[in-house]
Amino acid sequence: MATAAAHETRTAEEDTTTGAYEHAFDAAVAAEERIEPRDWMPDAYRATLVRQMAQHAHSEIIGMQPEANWITRAPSLRRKAILMAKVQDEAGHGLYLYSAAETLGTGRDELLDKLHSGRQKYSSIFNYPTLTWADVGAIGWLVDGAAITNQVPLCRCSYGPYARAMVRICKEESFHQRQGYELLLALSRGTAEQHAMAQDAVDRWWWPSLMMFGPPDDESAHSAQSMTWKIKRHSNDELRQRFVDICVPQAASLGLTLPDPELRWNEERGRHDFGPIDWSEFREVLKGNGPCNEQRLTQRRRAHEEGAWVREAAAAYAAKQTTGGAEGERA
């Protein structure tokens, strides 16, 4: 009896302590204070952050593939240098985000294992092929433009390491978006064949870009809670609408047409109306049935395996430096 009573007392004390921590956490989030790695946080908050940052990091790494495909075929040295810089930036973004996830106690090897085994997802947009040089421009303008729309609010994310990583990422993504716009502008103002190539790329990438923001709000499993915790600042549908409103005048400046016959300005709403999205396609791509799902993961696994010797050499060098430093101190 005494043991049971003591256990109940400890449980009550733990509940009281946890309640106090939760109250302090909620107050900090409400006051727009940053949550840092050593701060107390709910397990669900930690899990949500790990899931979101891992998916974001995986997307940056997998997203290198569609454009790297065109580095050797870029039409000029200038275009090649720009594209190489962009692909290198994406690798850096993945590094920042994996590092941010590690501050929550999740190892990078574990995250990569989940990616390679298909237990964690990356953005569905990267499962589409880059068929022509104009696709590089469409990815820059539309895909990176959608990323900026989604990611700029993350600079105010309640979790400090994630928010700080996003500041630099968004600055570099802005360069990527401008590069894509400038490339499409050059093609659009070129020959009739070049203009047609640019239009074809926009036709193919427009709808997948709208899907990048995630499912409709009433089907999104995580958005509401993420907004309560101020990980996210806007809902999927809000961000999607903002992106459409940004793209319409830009498309007009490019001399290109967005492939939506229902797209028109709604004076009463002060926003553009647009047609229905084929969410069945989105769900199929997420299930692994997109045009390039298998190709993307196979190439990622192969690159990881072929790079094992580099990781092993770096680890051995680091261990040697540590051992050498310790021996020097003892001497």
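This note sets out numbered points on the predicted model shown above.

1. Basis of the model. The model is predicted: local features require a pLDDT of at least 70, side-chain atom pairs count only at pLDDT 80 or more, and totals for chains, interfaces and linings use all residues. Residues are numbered from 1 along each chain as its sequence is written, and side-chain values use heavy atoms, with hydrogens and water left out.

2. Confidence. The mean pLDDT of the protein, the predictor's confidence in each residue from 0 to 100, is 91, and 93% of the residues score at least 70. Where pLDDT is low, the predicted coordinates should not be read in detail.

3. Overall architecture. The protein has 13 helices and 2 strands; these are DSSP runs numbered from the N terminus, helices being H or I of at least four residues and strands E of at least two. The C-alpha trace spans about 85 × 65 × 35 Å along its principal axes. Of the 331 residues, 47% are buried, where buried means under 20% relative accessible area, exposed over 50% and partly exposed in between (1.4 Å probe, protein chains only). Contact means heavy atoms within 4.5 Å; among contacts between residues at least 6 apart in sequence, 77% join residues at least 24 apart.

4. Nonpolar core. A nonpolar core is a set of buried Ala, Val, Leu, Ile, Met, Phe, Trp, Tyr and Cys residues joined through side-chain atoms within 4.5 Å. The largest one holds 78 residues, of which Tyr45, Leu49, Trp141, Tyr159, Tyr162 and Trp206 touch the most other members. Helix α7 (residues 160–188) supplies the largest share of this core, 10 residues. Leaving out residues up to four places away in sequence, Leu49 touches Leu104, Cys157, Tyr159, Tyr162 and Ile231.

5. Packing of α4 and α5. The axes of helix α4 (residues 77–102) and helix α5 (residues 108–116) come within 9 Å and cross at roughly 115 degrees. Axes are lines fitted to C-alpha atoms, for helices over the stretch in contact, with angles from 0 to 180 degrees between N-to-C directions. Leu95, Tyr98, Ser99, Ala101 and Glu102 of α4 meet Arg108, Leu111, Leu112 and Leu115 of α5. The residues of this contact comprise 6 nonpolar, 1 polar and 2 charged; Ala, Val, Leu, Ile, Met, Phe, Trp, Tyr, Cys and Pro count as nonpolar, Asp, Glu, Lys and Arg as charged, and the others, Gly among them, as polar.

6. Gln199 belongs to helix α8 (residues 192–211) and counts as buried because its relative accessibility is 15%. Its side chain makes a polar contact of 2.8 Å with that of Asp203. A polar contact is a pair of N or O atoms within 3.5 Å; within protein, one must be able to donate a hydrogen and the other to accept it, and residues adjacent in sequence count only if both atoms are side-chain atoms. Beyond neighbours within four places in sequence, Gln199 is in contact with Leu256 and Thr257. Gln151, in helix α6 (residues 134–151), is buried at 7% relative accessibility. With neighbours within four places again set aside, Gln151 contacts His56, Glu60, Met166, Ile169, Cys170 and Glu173.

7. Positive phi values. Most residues other than glycine have a negative phi. Glu32, not a glycine, has a positive phi of about 65 degrees; Glu32 sits in the loop between α1 (2–30) and α2 (43–62) and is partly exposed at 47% relative accessible area. Lys230, also not a glycine, has a positive phi of about 65 degrees. Lys230 lies in the loop between α9 (223–228) and α10 (236–254) and counts as buried at 19% relative accessibility.
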